[in-house]
Amino acid sequence: MEKFHSFDEIKRSLENKETDCKAIVHYYLKNIQTKAHLNAFVEVYEQSALEQAAKVDQKIKDGTAGKLAGMVIGIKDVLCYADHQVNASSKILEGFHSQFTATAVQKLIDEDAIIIGRLNCDEFGMGSSNENTVHGKVLNALDEERVPGGSSGGSAVAVQANLCTTSLGTDTGGSVRQPAAFTGLVGIKPTYSRVSRFGLIAYASSFDTIGVFSTNVKDNARVMEVIAGQDDNDSTVSRKEVPQYSEQLELNKPVKVAYLKETIESKALQPEIKEHTLDMLNKLKEEGHTVEEVDFPLLEYVLPTYYILTTAEASSNLSRFDGVKYGYRTPNAHNLESMYKLTRSEGFGEEVKRRIMLGTFVLSASYYDAYFTKAQKVRRLIKEFTENLLNKFDYIVLPTTPSTAFKFGEHSDDPVAMYLEDLYTVQASVSGIPAISIPNGKDENGLPIGLQVLTNSFKEAELYAFADYLMKIKK
């Protein structure tokens with residue numbers, strides 16, 4: 001079986017009876033086996049995937065198959081799937097089996113997608129390199145000495161290395177967009193509340209979103225239109241109508257685009273990324289669109305705001321992992337207090353402990369107003385600035401990352417350097433707006449460069465259409 005480049009190709013092969021779902025699953029299983037050293041998958045659901053494929057094949061014969069019949073999907077190891085393990089790449093959830101399925105995963109299954117396995121990630125979604133994981137690091141398929149990005153590194157490599165058609169990741173501050181940039185994929189963070197978070201193991205509840213990785217915009221849109229929408233199990237999810245994104249990919253009018261001066265002129269930005277970003281902006285001008293430079297004076301506050309608020313929320317969310325109810329419990333305890341202390345000390349990794357400590361500090365009585373309350377106010381300023389900008393312009397364009405994929409160990413001893421990898425992705429997260437990363441050429445080492453596009457809340461249809469247009473003019 002030849003490589004499938006898109007879901008359209010899979011659908012054509014199924015319609016022409018050149019293949020069936022079972023054969024497609026076997027094709028991906030063989031790829032997973034061949035490329036097992038990349039360490040993208042934590043667990044492969046071979047049996048349940050083949051059982052699901054047989055059911056979908058029967059539905060295709062009966063003419064009752066859903067819109068994603070034949071699509072094989074991997075899910076990040078923070079999404080629950082009933083009767084399957086989930087442990088957020090952490091020792092503290094060792095051996096934990098989920099009793100229910102995340103709404104986003106269930107919606108995919110309802111449309112006859114096939115879930116092939118769970119994917120490696122940074123522990124609890126905390127990291128930018130997929131090195132903070134109990135399952136061992138994930139390798140970038142383009143250069144195995146380099147990181148795939150994080151925290152959804154496994155989800156990115158699974159699609160990059162053709163181990164599944166698309167995958168689900170999660171994006172709290174760039175954890176879908178940054179790995180998408182490092183691996184040459186399309187990755188979206190939808191509007192906060194567009195997709196139900198029910199069944200997603202929480203990191204920072206007011207930032208967490210479920211996103212999608214794919215090789216092209218249309219496949220990404222197809223998955224998003226299925227997983228988005230209301231859910232009675234999540235009181236924060238939007239009830240707004242979900243458009244058919246994959247059928248609205250035409251851009252048929254000139255648009256107004258802003259680019260942020262501070263992001264392009266930053267000393268942290270790799271020169272080739274600057275060059276490719278400016279090339280794309282010039283192309284847009286040539287195509288008749290309005291492109292304007294805009295000042296973003298709040299850029300230096302975005303990252304501190306993000307880390308103060310997310311660590312505070314993580315400190316609260318992760319307090320439930322205490323050795324009492326589920327997951328790992330220390331065998332070395334001699335009383336209740338030591339059981340709590342040792343379980344958490346032994347069960348959590350270094351980065352997670354660092355963020356819990358930071359979060360607990362900013363929430364402490366002496367510092368609550370100085371840090372947490374102030375960060376909430378700055379968050380509002382960033383959100384208002386971004387929304388005002390998007391009332392004047394249709395899109396904001398900026399690089400996805402300051403550099404291309406770095407080597408393993410390069411930032412391991414310097415947490416701040418690692419946090420700076422999120423410099424360009426956190427604006428959308430702090431503002432709660434949708435953002436997409438698309439491939440935008442390569443650097444001199446052949447490593448992919450990502451271009452990021454932001455737009456106003458719930459305008460995913462327009463975002464997909466513009467992203468698809470950009471990919472066409474890039475060619």
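Exposed, in this talk, means over 50% relative accessible area, buried means under 20%, and partly exposed is in between. Keep those cut-offs in mind. Lys 472 has 52% relative accessibility, so Lys 472 counts as exposed. One caution before the tour: this is a predicted model.

Let's stay with Lys 472. Its salt-bridge partner is Asp 468, and the closest N and O atoms are 3.0 Å apart. Both residues sit in helix H16, which covers residues 460–474. They are four residues apart there, about one turn of the helix. Now, is Asp 468 buried or exposed? Asp 468 is buried, because its relative accessibility is 13%.

Next, helix H12, residues 350–363. Here Glu 350 and Arg 354 form a salt bridge, 3.4 Å from N to O. The two residues are four apart in H12, so about one helical turn separates them. Glu 350 is exposed, at 63% relative accessible area. Arg 354 has 28%, and therefore counts as partly exposed.

A third bridge. Arg 146 pairs with Asp 143, and the closest N and O atoms are 3.0 Å apart. Arg 146 is buried, with a relative accessible area of 13%. Asp 143 is at 24%, so it counts as partly exposed.

How many salt bridges does the structure hold? The count is 19. Some link up into a network: Asp 8, Lys 218, Asp 219 and Arg 222 are joined by salt bridges.

Now to the loops. Start with Asp 112. Asp 112 lies between helix H4, residues 103–110, and strand S3, residues 114–119. Its relative accessibility is 3%, so Asp 112 counts as buried. Look at the backbone too. Phi of Asp 112 is near 70°, a positive value in a residue other than glycine.

What does the side chain of Asp 112 meet? One of its polar atoms lies 2.6 Å from the backbone nitrogen of Gly 66. Gly 66 is also among the residues Asp 112 touches, once those up to four places away in sequence are set aside. That list runs through Gln 52, Val 56, Lys 59, Thr 64, Ala 65, Gly 66, Leu 68, Ala 69 and Gly 70.

Asn 162 also has a positive phi, about 60°, although Asn 162 is not a glycine. Asn 162 sits in the loop between H5 and strand S4, residues 166–171. With a relative accessible area of 8%, Asn 162 is buried.

On to a peptide bond. Which two residues does the cis peptide bond join? Gly 150 and Ser 151, with omega about 5°. Ser 151 is in the loop between S3 and helix H5, which covers residues 153–160. If you have the model open, check this spot.

Then Thr 404. Thr 404 is in the loop between strand S9, residues 395–399, and helix H14, residues 415–419. Its relative accessible area is 5%, so Thr 404 is buried. Which side chain makes a polar contact with that of Thr 404? The side chain of Asp 443 does, at 2.8 Å. Neighbours within four places in sequence aside, Thr 404 is in contact with Phe 182, Gln 270, Ile 273, Asp 443, Leu 447, Pro 448 and Ile 449. For a sense of span, take Ser 98. Ser 98 and Thr 404 are 306 residues apart along the chain, and their C-alpha atoms are separated by 36 Å.

Last, the annotation. UniProt, in an unreviewed entry, places the feature "domain: Amidase" at residues 24–463. That span is 38% helix and 14% strand. Its end C-alpha atoms lie 31 Å apart.

Asp 112 is buried at 3%, Thr 404 at 5% and Asn 162 at 8%. Questions, please.

Definitions and conventions:
Residues numbered from 1 in each chain as written. Predicted model: local features only at pLDDT ≥ 70, side-chain atom pairs only at ≥ 80, totals over all residues. Heavy atoms only, no water. Buried < 20%, exposed > 50% of the residue type's maximum accessible area, 1.4 Å probe, protein only. Polar contact = N/O pair within 3.5 Å; in protein donor to acceptor, adjacent residues only side chain to side chain. Contact = heavy atoms within 4.5 Å. Salt bridge = Lys/Arg side-chain N within 4 Å of Asp/Glu carboxyl O. UniProt positions renumbered as here; feature names shortened; annotations may be inferred.
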